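Trainee: I would like to go through this model with you, one feature at a time. Could we start with what lies inside?

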Amino acid sequence: MAVPPPLLLGALAALLAVPSTARPAASNASAAPSGVEVRVGVLLPGRNLRYPWAWPRVAPALNLALEALQPQLRHAGLAVRTAFASTENEDGACDHLVAKFQAADLKSSHDPDVLLGLGCPQTNYFVGPFAQHGQLPLIRAGAYRREKDSSTTVYAGPVGPDLRAFQDQVHRLLNWTSRPARVVSPESDYWDYALLTLEEYAPYSVAHRHSHDQPGQAVRFIQTNGPVVYIFGSLEMLQEIMCLAQAHNMTNCDYIFIYMDILGESLKSEGHCKAAKPWQSKESQDTRGLREAFQMLLVVTSHEPQTPEYQRFQSQVIQHAQRDFGVALNDSLGTLVAGCFHDVLLLYLRALNETLREGGTKRDTSRILEKMRGLKIQGVTGMVSINSDNERETDFDLWAMRDVESGEYQVVAHYVGSEKQIKWLGPIPWMKGGPPLDNLTRVFDMNDPSCGQGECMEG
């Protein structure tokens with residue numbers, strides 16, 4: 001099937017008007033011609049920008065996408081009416097009870113034809129079954145699919161089964177067959193998406209909840225369950241663990257550490273260091289001598305499109321967020337989540353348009369979802385296709401310290417979800433010429449006076 005140009009995705013939907021401020025259950029509508037009105041209910045955090053799917057980031061993306069298509073969509077006789085409701089509680093956190101109340105309120109006040117949102121895992125506890133019971137398509141981004149999730153939910157990325165497939169291919173290529181260990185921060189928020197996506201490997205992996213009060217426990221856990229270690233948590237937690245590992249002689253190519261940083265925050269310049277140097281402090285210094293230790297750390301991120309279309313989209317989202325919401329966004333991978341909503345909503349509208357042209361209705365959910373699974377479009381985030389489980393095929397990057405002298409990280413492998421293949425862009429500069437073995441039998445003595453020499457405190 002021929003792929004339409006980016007500005008004709010789905011050829012024919014209606015303008016999705018976006019309110020200029022984030023207010024629960026606020027609604028707006030395009031000037032609707034006589035024809036079919038499509039009602040979209042949006043459930044997202046209203047203010048908290050800690051969430052990549054917060055409304056001030058997603059709203060400009062939706063507005064930009066559908067504004068460009070307005071003439072064609074009016075010609076099709078379609079109009080879109082939107083209603084937004086925040087899933088935040090009084091503390092600004094995602095809350096499943098708030099999401100439950102807001103979903104029920106949207107249903108009674110606006111009767112949406114499709115729901116969009118729910119990046120936070122906990123907000124889906126009620127809304128997923130609610131959407132399935134009402135046979136409503138539910139478009140989620142930032143989320144992952146669980147076995148018991150609604151059959152009407154479409155997962156727009158950027159995580160999903162391709163993350164598991166990526167991990168599996170890396171392990172096979174590096175000849176790692178034993179179960180990996182996972183060190184997890186109890187304060188994890190969106191790291192949970194990567195973590196819970198990889199839960200499919202249980203019981204093939206073991207996990208440890210890291211405590212900043214007792215950091216030495218993480219070292220003992222790694223020594224017992226390594227040498228392949230996945231780390232889920234903040235950059236500060238990562239640096240703390242790598243400092244401890246270095247102090248205990250665990251960064252000399254006997255262990256390999258893999259940091260799951262889906263949105264690439266450790267590789268950006270704002271807030272902590274120069275770009276692509278996650279070992280540096282906020283003052284752009286290596287105050288703890290971590291550069292050498294980080295040679296044994298790989299970083300996994302979502303793949304950020306490098307096309308002019310995506311870069312233009314990202315700049316426009318940042319500008320509109322400042323103009324419409326008064327918030328300052330940066331050019332992080334957080335914009336990718338908004339782009340995922342943007343692209344899969346357009347895919348939905350194209351499938352809806354085809355269904356209507358064939359004599360169906362906007363509530364023929366099974367038919368619409370079937371068409372979505374059979375379509376491919378070129379969106380701002382790249383090729384958009386949905387698999388048989390209603391999940392978007394997604395891409396990931398593997399980063400390594402290619403330049404040991406400067407300590408700068410570069411992409412060494414790109415996983416292409418649509419092809420289910422890894423494309424290697426360069427070698428990983430292993431300290432000993434090859435990857436660590438995953439059957440390490442050496443036991444380190446925690447009482448060995450040669451261990452623990454350094455600034456890291458052990459709990």
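Trainee: How do the residues of the lining of the largest cavity divide into nonpolar, polar and charged?

Mentor: This is a predicted model, and the lining of its largest cavity includes Leu163, Phe166, Gln167 and Tyr230. The division is 9 nonpolar, 1 polar and no charged.

Trainee: Which element gives the most to the lining of the largest cavity?

Mentor: The search of the whole structure finds 3 cavities of 30 Å³ or more, and the largest has a volume of about 80 Å³. Two or more lining residues come from each of helix 5 (161-173), strand 10 (256-260) and strand 11 (297-302). With 4 residues, the element that gives the most is helix 5.

Trainee: How many residues apart in sequence are the parts that the pair of Phe166 and Phe396 ties together?

Mentor: The search finds 6 aromatic pairs in the whole structure. In one of them, Phe166 and Phe396 are stacked, at 6.2 Å centre to centre with 10° between the planes. Phe166 belongs to helix 5 and Phe396 to strand 14 (residues 396-403), so the parts tied together are apart in sequence by 230 residues.

Trainee: Is Cys120 buried or exposed?

Mentor: Cys120 sits in the loop between strand 4 (114-117) and helix 4 (124-133). Its relative accessible area is 3%, and the cut-off for buried is under 20%. Cys120 is therefore buried.

Trainee: Where is the proline whose cis peptide bond has omega of about 15°?

Mentor: Most peptide bonds are trans. A cis bond joins Gly226 and Pro227, with omega about 15°. Pro227 is in the loop between helix 7 (216-225) and strand 9 (228-232).

Trainee: What is the relative accessible area of Asn249?

Mentor: Asn249 lies in the loop between helix 8 (235-247) and strand 10. Its phi is positive, about 55°, although Asn249 is not a glycine. Asn249 is partly exposed, with a relative accessible area of 32%.

Trainee: At 5% relative accessibility, does Asn390 count as buried or exposed?

Mentor: Asn390 is in the loop between strand 13 (382-385) and strand 14, and its phi is positive, near 65°. Since 5% relative accessibility is under the 20% cut-off, Asn390 counts as buried.

Notes:
Residues numbered from 1 in each chain as written. Predicted model: local features only at pLDDT ≥ 70, side-chain atom pairs only at ≥ 80, totals over all residues. Heavy atoms only, no water. 1 Å grid on protein atoms, 1.4 Å probe; cavity = no way out; pocket = protein on both sides within 12 Å on 5 of 7 lines; lining within 4 Å. Points joined across faces, edges and corners; volume = space filled by probe spheres on them. Nonpolar A, V, L, I, M, F, W, Y, C, P; charged D, E, K, R; others polar. Phe/Tyr/Trp six-rings, centres within 6.5 Å; stacked < 30°, edge-to-face > 60°. Buried < 20%, exposed > 50% of the residue type's maximum accessible area, 1.4 Å probe, protein only.
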